Amino acid sequence: MIWLQWVTCAIVTALVLTRLPAFLRGRNRLMFWLMTLLDLVILLSIEGPYLLVDRLLGGHNMANLLLRFIIFGFCLLLSIRVARAFSGFRAERVLLGPIGLGLLGVASLVLVASFVLAGLTTSSVGFFTPDLQFWPAVYGTVGRLYPTFTGLVVLPVLAGTVRRRGPATLRTAAGLLALGYVALALSNIITVLPKEALWLSQTINYGTILLLCAGLTLIWASSLAARLSRRTVARSNVKNPHT
């Protein structure tokens, strides 16, 4: 399903370019970096770019370890952005508090240790092994547990937004993000799937990415519409001042 990978990459790249003017003006730079990190994640999940980057890093699957840490950073920044967008201040405190940062530290240490103990010296996109082996399985599982944790922290915030009355755009964005995080949690089964089920793994992975992108885009569109509305009201007040 290489077409799905490149289509997803093209969509995210278009979103990065869309956010570039605002980034250069100093507006909402976090959204730009989120899309940029996501673009890197997708590129390093495709065989051609992955093998090229891994060759530059020595050809021992270091590109996969780099990919995992980019995913960690993306998921942390994304969950913070989501928590702030939907007033999930408690969720933000969990993510940036001792529990969240402690789990990030432990996950990072176990990830590096399991990578070394796995001993895969041949470049392999996706870190695939012929059979289900212990340390590669630990590596793959830990690489998904922390991203899943970030999703579970903000999921109640998103569910509450969907249930409450409010702008339809924001409620839809919350629903799409919630579905994306549910798909992210389901992606934990990928570690134990056989190589023949690669199509299912890719469907879950890129379906998750597309749902999250759709939700983020709607948040951006909603904030843009609100900003334009405030400008219109301000101009109207200037033209028609209250007496």
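Modeller: Start with E92. Neighbours within four places in sequence aside, E92 is in contact with I80, A83 and R84.

Biologist: What makes these residues contacts of E92?

Modeller: A contact means heavy atoms within 4.5 Å. I80, A83 and R84 meet that rule with E92. This is a predicted model, where local features need pLDDT of at least 70, side-chain atom pairs count only at pLDDT 80 or more, and totals for chains, interfaces and linings use all residues. Residues are numbered from 1 along each chain as its sequence is written, and side-chain values use heavy atoms, leaving out hydrogens and water.

Biologist: Why is E92 called buried?

Modeller: Buried means under 20% relative accessible area, exposed means over 50%, and partly exposed lies in between (1.4 Å probe, protein chains only). E92 has 14% relative accessibility, so E92 counts as buried. E92 lies in helix α5.

Biologist: What counts as a helix here, and how many helices does the protein chain have?

Modeller: A helix is a DSSP run of H or I with at least four residues; a strand is a run of E with at least two; both are numbered from the N terminus. By that rule, the protein chain has nine helices and zero strands. Of its 243 residues, 44% count as buried.

Biologist: Is R68 buried or exposed?

Modeller: Its relative accessible area is 11%, so R68 is buried. R68 sits in helix α4, residues 62-85. Residues up to four places away aside, R68 touches L111, Y139, G140, G143 and R144. R68 and V142 are 74 residues apart in sequence, yet 9.6 Å apart in space, C-alpha to C-alpha.

Biologist: Which label does S87 get?

Modeller: Partly exposed, because its relative accessible area is 49%. S87 is in the loop between α4 and α5. Its phi is positive, about 55 degrees, although S87 is not a glycine.

Biologist: Why point out a positive phi?

Modeller: Because most residues other than glycine have a negative phi. N61 also has a positive phi, about 70 degrees, and is not a glycine. N61 is in the loop between α3 (47-56) and α4. At a relative accessible area of 0%, N61 is buried.

Biologist: How many residues does the largest nonpolar core have, and what makes it a core?

Modeller: It has 59 residues. A nonpolar core is a set of buried Ala, Val, Leu, Ile, Met, Phe, Trp, Tyr and Cys residues joined through side-chain atoms within 4.5 Å. I42, L78, V82, F86, V154, L158 and Y181 have the most contacts inside this core. Its largest share, twelve residues, comes from α4.

Biologist: What does Y181 touch?

Modeller: Residues up to four places away aside, Y181 touches L78, S79, V82, G151, V154, L155, L158 and L212.

Biologist: Where does I42 lie, and what does I42 touch?

Modeller: I42 lies in helix α2. At 0% relative accessibility, I42 counts as buried. Residues up to four places away aside, I42 touches Q5, T8, C9, V12, Y206 and I209. The C-alpha atoms of I42 and V12 are 8.8 Å apart, though 30 residues separate them along the chain.

Biologist: How far apart should the ends of α2 be, and why?

Modeller: The expected span is 1.5 Å times one less than the number of residues. For the 15 residues of α2 that gives 21 Å, and its end C-alpha atoms are 21 Å apart, so the two agree.

Biologist: Why is the largest cavity called a cavity, and what is its volume?

Modeller: On a 1 Å grid over the protein atoms alone, a cavity is a set of points where a 1.4 Å probe fits but cannot get out; lining residues have an atom within 4 Å of a point. Points are joined across faces, edges and corners, and the volume is the space filled by probe spheres set on them. The largest cavity has a volume of about 50 Å³. The structure holds one cavity of 30 Å³ or more.

Biologist: Which residues line the largest cavity?

Modeller: L15, T18, R19, M31, M35, L216, T217 and W220. α1, α2 and α9 each supply at least two of the lining residues.

Methods:
1 Å grid on protein atoms, 1.4 Å probe; cavity = no way out; pocket = protein on both sides within 12 Å on 5 of 7 lines; lining within 4 Å.
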